[in-house]
Amino acid sequence: MSLYTITGAQLAFGHVALLDHADFSLEAGERVGLIGRNGAGKSSLLKIVAELSRPDDGLITRQSSLTTVYVPQEPEFDTDDTVFDAVAAGLTHARALLDEYDAVANQLSDEAEGAQYDELMSRMNTLQSALDHADAWNWSTRVATTLQQIGLNGEARVGSLSGGMQKRVALARALVVQPDVLLLDEPTNHLDFDGIRWLEELLVSLRAGLLFITHDRAFLDRVATRIVELDRGRLLSYPGNFSAYQTRKAQQLEVEQVEAAKADKLLAQEEVWIRKGVEARRTRSVGRIARLVEMRNQRAERRNVQGNVKLDVGQGEKSGKIVAELTDVTKRYGSRTVVDNFTATVMRGDKIGFVGPNGAGKTTLLKMILGELAPDEGTVRIGTNLQVAYFDQMRAQLDLEKSLADTISPGSEWVEVNGQKKHVMSYLGDFLFAPERARSPIKSLSGGERNRLLLARLFARPANVLVLDEPTNDLDIPTLELLEELLTEYDGTVLLVSHDRAFLDNVATSVIAAEGGGKWREYVGGFTDWQIQRDRSQQMAAQQAPKEVVKEAPKDSAAERNTPQRAAKLSFKEQRELEALPQQIAELEAEQKSIGAHLEDGSLFAKNPQEGTRLTERYAEIDEALLVALERWDELESKRK
């Protein structure tokens, strides 16, 4: 039996139907990722499931005594509370029951008699049952255990924590309740890579039903066992993770397009028939006329796929070939070294991703590259003719009282992009803002809409260096994919800070990563390439360290000095290894192909979520093993030749 079911749900704001006879259900142990365009109504649906609001119409069924906990996108705390008190706030009801139980026990000890005694005993029995059911007797231990599992200091003040740590506190407050259903709205916001990986492991091991909203495609691939898309008021379910959804969605859109074209063609034929001359009108059938009326109504009610944002960046003049050259730069804040002896060259056309924990110094390094911050040691040489455009993750660049049109083009009704003039209404329409909203204040926009407006303003100005600080926050997946395509084709330089792993993989040509202690290092490729190279470097360093300790000093005899160096040859062991590698590579490829076939069948995640998760992890392990094996084969072949 489903934990929660909603049938025929209807919800509208004004003339826009967010839910149009939508159906949804959540099974025990399911992890459902809810996706859809910005403004489609995802958060509204989440609040309906959390019983914070109700649909206009529809039937809701839920299991009795179902415990549901909702974690909003921006959780609120009393900043003076300790972390322990903030987490314990999730057990307010249980603690209230315990306080009442203590009060009733005290009244009984005051030698209550007769009817009062019977009434108090009855109330105490009721409270005891409720406390047993809520497991409230040891609430303090539950809070302490949850804090330990999540890695939080119960004595710290909430107001002193970073956004990522406050997100952990909100999750701890939800998990201490031991809910049957956990509802999360954008859970990865404010989390760095380590925090996101920690959250993935936590949610995969969770036994509760999970419904979450996110635009992080890598997170959806790792956590979700089913994808539910809110599309034009309907809820469409796709078994499996996000990769399986993409395949099925593309097939569905093709079928929908063909069916719509057939319906339009038939309607056009019927419209021609109904408009024929007097003779045809004498013989036309009543049934055919009724069918035409019905087809007209169906065509009017058909809600076409919402248009995509039309992204086009204003190209400035070309910058110099070298954008910035850093030589042995160091930057300190007090006793803390943020950048230690870092050297790098940024060339025109580079697309560099900056990765590292929150507070590692990514913004500081960016400012030094752009010449906005001088290093304490070392030199920075800035290139010529730089036209820099910024995208600010905190949206501090937006005046909330200004209208959308004034923000894009102050004092003018026209915008010039790549030498072509465009009316500001038409330009806002490219970013999915209706003309009637052009004069609305920015404060009326949602988070995702404000990000779209920032992109609109950013791309309206000519630039040859784009600095993007968390541009993916709150953007829906179709807009993310279009932004990736635009940045990939952009001729200028892109400096990108993001915690979206898929976005970094698809855009970045190199990664500058924090290595700890103020050390930074540049890696070729995107996020996945950086992880593989970093892990391999660490493994090699660990393997070589003991060998260097026991290695004997080389003998320096005259005979050896005069003997010409022989070409390296394969040892017997290496020869056997080289012969075995093709078979090993073939077996890995065959296993990966077999796993891929299983994962493409999304029903696996519905039937056996644990097996689906295991196969997904194994698929990624094989990817890395294949890369290592191919590199080793190439190395041995080169040595043999």
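What percentage of the 641 residues in the protein is buried? I got 43%, with buried taken as under 20% relative accessible area, exposed as over 50% and partly exposed in between (1.4 Å probe, protein chains only).

**Ground rules.** I'm working on a predicted model, where local features need pLDDT of at least 70, side-chain atom pairs count only at pLDDT 80 or more, and totals for chains, interfaces and linings use all residues. Residues are numbered from 1 along each chain as its sequence is written, and side-chain values use heavy atoms, with hydrogens and water left out.

**Overall.** I looked up the secondary structure and found 22 helices and 20 strands; these are DSSP runs numbered from the N terminus (helices H or I, at least four residues; strands E, at least two). I then checked contacts (heavy atoms within 4.5 Å). Of those between residues at least 6 apart in sequence, 68% join residues at least 24 apart.

**Helix 6.** I picked residues 163-175, which make up helix 6. Its 13 residues reach 19 Å from first C-alpha to last, close to the expected 18 Å (1.5 Å times one less than the number of residues). Its buried residues include Val 169, Leu 171, Ala 174 and Leu 175. Among the elements covering the buried residues of helix 6 I noted strand 5 (68-71), helix 5 (139-150) and helix 7 (193-204).

**Cores.** I went for nonpolar cores next: sets of buried Ala, Val, Leu, Ile, Met, Phe, Trp, Tyr and Cys residues joined through side-chain atoms within 4.5 Å. The largest has 47 residues, and Val 83, Leu 182 and Leu 203 have the most contacts inside it. Helix 6 gives this core its largest share, 6 residues.

I ended on an open sheet of 3 strands, order 11-10-13, paired antiparallel (two strands pair if DSSP finds at least two bridges between them). Strand 11 (336-347) and strand 13 (377-382) are the edges. Strand 10 (residues 322-333) is joined to strand 11 by 8 bridges, and I found Ala 324 opposite Val 346 in strand 11. Helix 12 (residues 362-369) packs on the sheet and touches strands 10, 11 and 13; its direction makes about 135 degrees with that of strand 10. For that angle, axes are lines fitted to C-alpha atoms, for helices over the stretch in contact, and angles run from 0 to 180 degrees between N-to-C directions.
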